[in-house]
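The following exercises, each with a worked solution, concern the structure shown below.

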Amino acid sequence: MIQLEDLLAAGGRLHGEPVAREFSDFSYDSRLIRPGELFIALRTSRADGHDYIAAALASGAAGVVCVWPPVGSHRTTVIQTDDPLTLIQQWAARRLRVVGPQVIAVTGSVGKTSTKRAISALLATRAPTFQSRRSFNSLLGLPIALARLHDDDRFAVLEFGTDRFGEITRLADLFTPRIGVVTAIGAAHLKAFGSLDGVAREKGALVEALPDDGWAILNGDDPHVAKLRERTNAHVLTFGQGAGCDVRASAVAYALDHTRLRLHWRDQSVDASIPLLGEPSVYSALAAVSVALVCDMPLKAAADGLARIAPVEGRLRLLPALNNAILIDDTFNAALPSMLSALRTLAALPARRRIVILGDLSNDHGSTLADYAHAAESIGALAGATADRLIYKGDQGMAVVQAAHRVRPDLPAHIVHTAATVRQALPDDLGPGDVLLVKGSAEARMERIAAELLAPGVLPGDVLVRQEPAWHSVRIGAPDRPTWLRIDLDALAHNISRLRDIAGVPLMAVLKADAYGHGATRAARTALDNGAVSLAVATIGEARTLRDADINAPILVLGYTPPWQARDAVARNITCTIFDDDIAHALSNAAVELQREAVVHIKVDTGMARLGLDPKDVGAFLRKLHRPDFPRLRVEGIYSHFATADSADERFALHQLERFAAVLDTLASTGLRPPIAHMANSAALLRFPAARFDMARPGIACYGLSPAPETPTPEDFRPALSFHTEVAQVKTHPPHTPISYGGIFITRRLARIATIPVGYADGFRRTPPWREVLVRGRRAPVVGRVCMDYAMIDVTEIEGVKRGDPVVLIGAQGNDRITADEVARWLGTINYDVVTTILARVPRETEQ
């Protein structure tokens with residue numbers, strides 16, 4: 001229990017009369033608090049905990065640590081301090097000194113948590129042992145973890161994590177260890193430390209902090225770790241599989257439910273078994289045995305204690321999977337060393353087939369393109385040598401798959417972006433003997449993939465990481481900007497699957513304008529994985545982007561292709577639209593030069609009065625293309641485009657449909673009809689079954705948006721795009737204050753005006769202006785002129801708005817929603833225009 005008197009002794013100040021004098025635990029998240037806990041109101045770069053005090057108290061918090069007391073009457077214990085984080089650090093340091101256990105600190109690039117748990121399992125056989133829970137290993141996490149330290153604990157095993165220089169030194173100052181363990185030094189947190197030498201410098205601070213009579217337990221197989229012995233005056237003990245290590249493993253044998261090895265220490269040897277998987281378990285066990293030995297435990301007792309180690313959620317944990325297959329859950333996080341270690345572990349295990357399911361590395365892996373290129377090459381090469389099937393979820397997948405194919409060209413490999421698509425990419429005959437490794441960073445949320453693959457009856461909440469309700473809304477990782485689009489690829493997948501079912505014919509998904517602003521590459525893969533058989537774009541450049549992303553499905557360029565782009569089109573197997581001799585000759589000549597085939601679709605203008613042949617000229621044009629004058633030119637398709645398919649008045653659309661059908665009938669009678677005829681855009685697909693012909697060509701409906709008010713999408717369709725920002729600043733202005741450029745808006749009263757970091761350079765329109773946004777679930781009007789990078793909103797009527805509050809520009813918040821259709825009405829345009837003109841500098845983030 002946490003005692004009020006101890007908090008006051010550490011520097012806290014009591015505000016008012018206390019209600020509770022002891023607390024069961026600390027909590028800093030009002031969504032996770034339990035009755036009886038003490039809420040810590042932390043101020044971070046993302047949020048201010050003082051804004052959530054009321055919510056914490058409503059959930060049963062017995063007290064609050066804060067800078068300033070909560071407003072209003074709250075019957076609770078309030079402890080004031082200038083800095084809540086410093087107070088709990090001082091409290092925890094004091095608590096550790098009072099209890100007085102022997103402190104063992106564990107750090108390293110990978111394996112910290114597993115090693116900590118292994119050490120604790122062994123020491124607990126000798127005396128009561130505390131271990132910091134989960135990955136509570138920072139200057140915030142460790143003090144919170146130490147709230148569970150018991151008076152009789154004789155050992156305290158603490159995990160020291162770091163993502164900035166100096167943090168290990170500060171942790172060692174607060175929680176001084178006698179034994180320090182360094183597991184490994186690898187390519188993790190390179191953004192913070194710059195290089196492996198930087199990582200070693202920071203991790204090495206642990207051994208520098210050890211007393212002369214302490215022990216540095218070092219991984220002797222890692223040259224960067226082994227060098228740390230030069231930086232400490234403490235005794236040194238090395239562990240590993242190399243001949244020069246003090247504590248050594250040999251005869252290592254891996255099985256699906258355990259790892260066997262022989263332990264060597266001085267002149268002693270003993271067999272041991274660890275109920276964990278693979279290479280990481282060996283090093284965790286060796287580190288644990290080394291600590292046990294310097295704590296005077298006999299080698300045999302330490303070896304026997306290894307059987308007590310329990311698997312850790314999200315870290316190479318064996319779980320039952322679908323169809324009696326086996327799942328290895330390694331979804332807690334992923335830096336390059338742990339990714340490679342997981343693949344080596346899989347390679348060493350017996351399996352009928354090894355199915356590797358990977359997600360992107362953590363955002364802190366590196367700071368340069370070279371860092372990511374090296375990582376992708378390393379991961380892909382090892383996956384190619386290990387896997388019988390590779391499934392990669394995320395944007396780094398193309399480079400990884402290419403590297404894998406350099407090792408094994410025939411490896412079945414899939415790049416996906418949704419959990420449902422992962423299941424589709426599994427072998428149809430998945431079954432006993434198949435082993436599935438699921439591995440990725442916390443940002444990739446691969447635990448959601450693992451949840452889809454668990455055997456029936458196994459509850460994700462019982463076995464996987466990040467299953468608490470609060471995780472459903474957490475945005476992990478640092479975004480590129482405080483203004484972003486969120487793209488729900490599951491919604492896109494659902495919409496396309498439904499369109500395929502409605503159409504009853506093959507689907508060509510239209511991805512013009514970067515998939516209507518949604519991100520063409522991700523949208524293309526999602527479309528192809530959910531029913532589309534081909535893709536359509538507006539330009540050769542858009543098609544090139546997809547080909548460069550290793551998307552090999554048929555791609556039709558719907559727009560004009562100038563003759564000088566013909567060679568690029570043929571070289572990349574891009575299908576072009578033609579309607580005159582010049583481009584037809586250019587494509588044919590390019591095909592002859594490249595010894596390839598040029599595939600084309602003929603466009604017919606049935607009433608759009610834009611591109612295309614007059615219906616009466618189509619037959620002659622096709623006859624010409626069949627002559628020897630156009631070698632290597634293959635006419636695959638013919639199509640037209642509706643002008644009014646989304647209009648309430650159907651007459652002109654039906655007239656166009658009749659004209660196109662007549663053209664097809666005439667061509668069929670002369671043997672000239674191309675194999676694929678298509679005309680149905682989104683509106684026609686939904687309204688005119690006769691327009692579907694051999695293929696349908698939906699665009700806007702794929703993204704959950706209606707072609708027009710008169711042509712709504714089915715009720716179950718879901719918009720895939722939402723537009724977000726946050727409050728940058730809030731100011732109170734007196735009456736008669738002009739706001740923004742030109743001073744065209746002047747306050748009429750005392751007004752609270754918030755500035756949001758979005759402007760017309762993002763697609764947040766200036767004229768006509770965007771009218772409203774959502775803040776705290778309520779509508780706030782946009783006031784003054786929208787600037788290039790900023791806009792101002794009036795939040796006078798919305799209580800408590802502050803910096804960092806989420807703002808929704810398109811999408812839902814609370815019980816309200818602003819749709820792209822509503823924005824289009826404000827701007828006097830259509831929803832197509834709204835979403836496609838959100839500029840590229842606005843990051844597109846996917847729902848994970």
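**Exercise 1.** State which residue follows α22 and what its phi is.

*Solution.* In this predicted model, helix α22 is followed by D550. The phi of D550 is positive, near 65 degrees.

**Exercise 2.** Identify the buried residues of α22 and explain how they are arranged about the axis of the helix.

*Solution.* Step 1: helix α22 covers residues 540-548, and its buried residues are I540, E542, A543, L546 and R547. Step 2: viewed down the axis of α22, these residues fall within an arc of 160 degrees, so they line one face of the helix. Step 3: the elements against which they pack are the helices α20 (512-517), α21 (520-529) and α23 (566-571), together with the strands β25 (532-537), β26 (555-557) and β27 (575-578).

**Exercise 3.** Describe the open sheet that contains β4, and locate the helix that packs on it.

*Solution.* Step 1: five strands, in the order β2-β7-β6-β5-β4, form the open sheet, with mixed pairing. Step 2: β2 (13-15) and β4 are the edge strands, each pairing on one side only. Step 3: β4 pairs with β5 in the parallel sense over two bridges; S27 has F39 in β5 as its bridge partner. Step 4: helix α3 (residues 84-99) packs on the sheet and touches β4, β5, β6 (63-66) and β7 (77-80). The direction of α3 makes about 115 degrees with that of β6.

**Exercise 4.** Determine whether S30 counts as buried or exposed.

*Solution.* Step 1: S30 lies in the loop between β4 (26-27) and β5 (38-40). Step 2: its relative accessibility is 13%, and buried means under 20%. Step 3: S30 therefore counts as buried. Step 4: beyond four places away in sequence, S30 touches F39, Y52, A55, A56 and S59.

Terms used: Residues are numbered from 1 along each chain as its sequence is written. This is a predicted model: local features need pLDDT of at least 70, side-chain atom pairs count only at pLDDT 80 or more; totals for chains, interfaces and linings use all residues. Side-chain values use heavy atoms; hydrogens and water are left out. Helices (H or I, at least four residues) and strands (E, at least two) are DSSP runs, numbered from the N terminus. Buried means under 20% relative accessible area, exposed over 50%, partly exposed in between (1.4 Å probe, protein chains only). Contact means heavy atoms within 4.5 Å. The arc is that of the directions from the helix axis to the C-beta atoms. Two strands pair if DSSP finds at least two bridges between them. Axes are lines fitted to C-alpha atoms, for helices over the stretch in contact, and angles run from 0 to 180 degrees between N-to-C directions.
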